[in-house]
Amino acid sequence: MALTGIQILKLLPKTNCGECKFPTCLAFAMALAAGKTELDLCPRVSESGRSELSDASAPPIRQLSFGVDDYAVKIGGETVLYRHEKTFFNKPGIGVLITDTMDDSEVERRLAALEYFQYERVGVTMKPEIAAIRFTGSKERFLAIAKHASLRPCSVIIMCDDAAIMKEALDILKSRKPLIYAARPDNYEALGALAKEYSLPLAVAGNGFDEVAALTEKLTAMGLKDLVIDTSKRQVKDAFIDQVAIRRAALVSKFKPLGFPTITFPCDMTSDPMKETVIASLFVAKYAGLIILGDIAGETIFPLLLQRLNIYTDPQRPMTTKEGIYPINNPDENSPVFLTCNFSLTYFIVSGEIENSRVPSWLCIMDTEGLSVMTAWAAGKFVGDLAGSFIKKSGIENSIKHRNLIIPGYAAAILGDLEEELKGWKILIGPREAAHIPGYLKQIRKS
Amino acid sequence: MAFEIPKVKYTGQIREVVIGSGSKAVKVGGAGCYPFYLFEGEMPNPPRVAFEVWDSAPEEWQEWAIEPFRDVINDPVLWAKKCIESYGAEMIVLQLKSADPNGDNRPVEDVVEVVKNVAAAIDVPLLVWGTANDEKDAELLRRITEVSEGGNVAVGPVSDKNYKQIGAMAIGYKQVVIASSPIDVNLAKQLNILLTNLGVNEDKILMDPTTGGLGYGLEYTYSVMERDRMAALTQEDAKLQFPIICNSAPEVWKTRETRLTKEDDPKLGDEKRRSVLMEAVTAMTLLVAGADIVVMRHPDSVSLVKDMIGELCA
């Protein structure tokens with residue numbers, strides 16, 4: 001797939017006209033190779049060059065989105081099998097199943113759950129995004145639920161194999177840009193036509209990946225690009241293997257008919273919500289594009305969202321916490337003050353240990369560009385004068401009567417400089433490991 | 001046209017390590033493919049779950065973590081037996097929390113006594129997890145290798161600071177060592193080389209990559225384990241071909257999100273079920289990255305994870 005900058009350059013006009021805002025065609029080619037710009041910026045590329053390049057530069061797994069605004073779900077576009085090779089880009093969308101056998105209050109409970117179970121963490125909102133509405137025989141209920149969902153902010157997957165009913169549901173939900181599920185061997189032409197008419201992404205369901213690949217080829221030939229695939233496996237092991245197979249087919253074999261994000265249905269694999277969460281976590285790690293759950297409760301969705309955040313964290317960039325003062329366990333003017341770096345893992349662990357100690361404390365987080373204490377110290381970002389001026393500016397002095405500051409054990413070397421900078425303060429060297437904070441707090445309480 | 005799944009060509013295999021003795025001894029490792037990729041390789045020994053037992057009554061445990069062990073929590077021997085008899089534990093990890101110099105700092109001989117008593121009372125493999133304080137562990141784990149002679153117990157964490165003391169004794173008393181390194185492929189490899197150079201047999205080493213709990217660095221452990229396995233299985237890196245153990249229970253259960261009740265934060269839902277799932281999701285994630293043994297606390301989380309291992313290895 002990936003062409004080098006030089007290979008790309010050969011297909012460009014080589015006029016160095018600069019209209020792409022790059023000084024030369026070579027610079028533009030290198031940026032294209034790195035995926036940092038788009039071919040459309042070049043006004044002079046030939047038709048043949050364009051088609052050769054767009055084939056070559058198309059991501060091996062189609063990236064697509066559905067839904068609107070805050071609940072829009074972007075999936076696919078992945079380029080690696082293992083997150084350490086680069087990163088995973090688009091976290092799997094998580095949805096809750098709603099069927100036409102559910103009454104209004106149950107439907108309302110599920111739609112409300114999508115809005116209620118949201119969590120802030122490291123500056124992002126973690127939430128399930130999707131209502132997957134499944135037709136099982138009652139057209140009237142199905143359309144009523146579609147209407148109900150259309151008034152809510154969530155993304156929607158409309159699940160119905162009957163093209164006529166699908167069309168009615170689409171007329172209700174089209175402004176929410178839903179995903180259509182699912183084109184099968186006996187209805188793909190009709191559903192494919194609807195997807196085209198409404199410009200919506202379409203899920204393809206076949207029995208195994210051979211049948212799926214045959215369908216995606218037919219739909220691609222109809223001009224559809226935004227497809228999602230389901231190999232219809234509902235045993236955990238089989239579904240797991242298919243996830244691996246499809247990801248490899250796209251990335252290793254460059255097999256275009258399987259170069260699409262997948263949809264998985266833990267909701268159809270177990271009736272135990274606890275087990276369902278564990279199954280879903282397997283699919284977060286291994287390659288699902290969409291994960292549909294049988295129900296959503298705080299205790300089941302929170303661990304899953306947290307795992308999704310972890311796995312989809314970009315390993316190339318440290319996660320950071322915002323600089324500032326964090327009160328823990330309702331501190332007052334006599335409570336101890338801690339200082340540490342803004343690597344978010346450090347923040348989570350240190351704040352967790354302080355919380356476990358049950359000792360009311362102030363935690364001052366200084367911006368070290370996401371570096372851990374030792375790395376930041378070595379890089380000159382966690383040193384006496386910077387730390388001192390941060391403490392002065394932070395405003396912590398207004399919240400406390402004492403002038404004692406606890407610094408991380410690993411930053412003991414900054415003690416002298418920090419004392420210089422913070423006249424009148426007593427600098428205490430805390431433990432090296434966060435795990436020893438509760439013990440340390442016990443000790444300083446005694447003394 | 002029929003599509004063939006592109007297969008990975010595995011050139012290496014994880015070593016098999018036996019822990020324990022007698023009919024209940026357990027063999028771990030042996031994988032010749034990525035975790036659960038049974039369409040292209042074999043896992044002759046499915047991953048195992050070990051129950052943790054603390055050497056003294058824990059002070060900071062949540063009510064819902066204590067619940068399954070309430071009647072035995074003051075007695076490590078009864079606690080271990082309950083894990084085996086009531087909850088089907090196939091291995092016990094005895095966590096020597098009370099020996100920690102940053103905590104109770106219980107004297108070595110007192111702790112050794114506890115280990116002896118637990119070892120004598122159980123027939124499943126025993127793994128003994130020290131304090132992660134290099135000096136204390138050097139002394140403590142050495143003594144444990146000695147008093148457990150014949151038990152083929154696993155002792156750790158063994159670090160690059162104390163591997164000589166503990167490794168030498170483990171060789172002498174034929175025990176297994178748990179080589180522990182801080183979330184880094186090269187450091188892990190380095191320690192394995194040091195241990196084998198010292199003379200530790202290659203079928204007597206387990207690797208501890210250092211475990212981060214869900215929301216607290218799990219992704220770092222996850223990726224290091226994937227890299228370990230990639231090197232071991234596809235790059236013929238013999239010094240990484242050891243079974244991996246993740247001591248995840250204490251990491252999960254100390255987090256804030258396993259401590260808050262539903263009353264504290266209604267959005268987090270039922271505290272017991274949430275904590276159980278945080279433990280099970282952590283374990284599932286570690287297993288799919290390559291763990292051969294996960295150390296767990298709550299019987300409900302263990303059931304969920306064993307169920308998944310069963311399905312994936314079926």
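In what order do the five strands of the open sheet in chain A stand, and is the pairing parallel, antiparallel or mixed? I began with this point. The model is a predicted one, and I kept that in mind for each entry.

**Entry: the five-stranded sheet of chain A**

I read the order as β13-β15-β14-β16-β17 of chain A, an open sheet with mixed pairing. I then looked for the edges. These are β13 (324-328) and β17 (426-429) of chain A, each of which pairs on one side only.

Next I followed one strand pair. β16 (residues 404-407) of chain A runs parallel to β17(A), and four bridges join the two. Within this pair I noted A:I407, whose bridge partner in β17(A) is A:I429. I also checked for a helix on this sheet. I found α12(A) packed there, in touch with β13, β14 (337-340) and β15 (361-365) of chain A. The direction of α12(A) makes about 175 degrees with that of β15(A).

**Entry: chain A as a whole**

I counted 16 helices and 17 strands in chain A. The C-alpha trace of chain A spans about 80 × 65 × 35 Å along its principal axes. Chain A has 447 residues, of which 47% count as buried. I took the contacts in chain A between residues at least 6 apart in sequence; 65% of these join residues at least 24 apart.

**Entry: where chain A meets chain B**

How many residues does each chain bring to the contact? I found 49 from chain A and 42 from chain B. On the side of chain A that touches chain B, the helices that each supply at least two residues are α8 (209-221), α9 (236-251), α10 (273-285), α11 (298-311) and α12 (344-357) of chain A. α11(A) gives the most to this side, with 10 residues. I sorted the residues of this side of chain A by kind and got 28 nonpolar, 13 polar and eight charged.

**Entry: the eight-stranded sheet of chain B**

I turned to chain B and found an open sheet of eight strands with parallel pairing. The order is β8-β7-β6-β5-β4-β3-β10-β9 (chain B). At the edges I noted β8 (205-208) and β9 (245-246) of chain B, each pairing on one side only.

Strand β6 (residues 154-158) of chain B is joined by three bridges to the parallel strand β7 (residues 176-180) of chain B. Here B:V158 stands opposite B:A179 in β7(B). Last, I looked for a helix on this sheet. Helix α9 (residues 271-289) of chain B packs there and touches β9 and β10 (293-296) of chain B. I noted an angle of about 170 degrees between the directions of this helix and β10(B).

Technical notes. Residues numbered from 1 in each chain as written. Chains lettered and ligands numbered in written order. Predicted model: local features only at pLDDT ≥ 70, side-chain atom pairs only at ≥ 80, totals over all residues. Contact = placed C-beta atoms within 7 Å. Nonpolar A, V, L, I, M, F, W, Y, C, P; charged D, E, K, R; others polar. Pairing = 2+ DSSP bridges. Axes fitted to C-alpha atoms, helices over the stretch in contact; angles between N-to-C directions. Buried ≥ 20, exposed ≤ 12 C-beta atoms within 10 Å, placed from the backbone.
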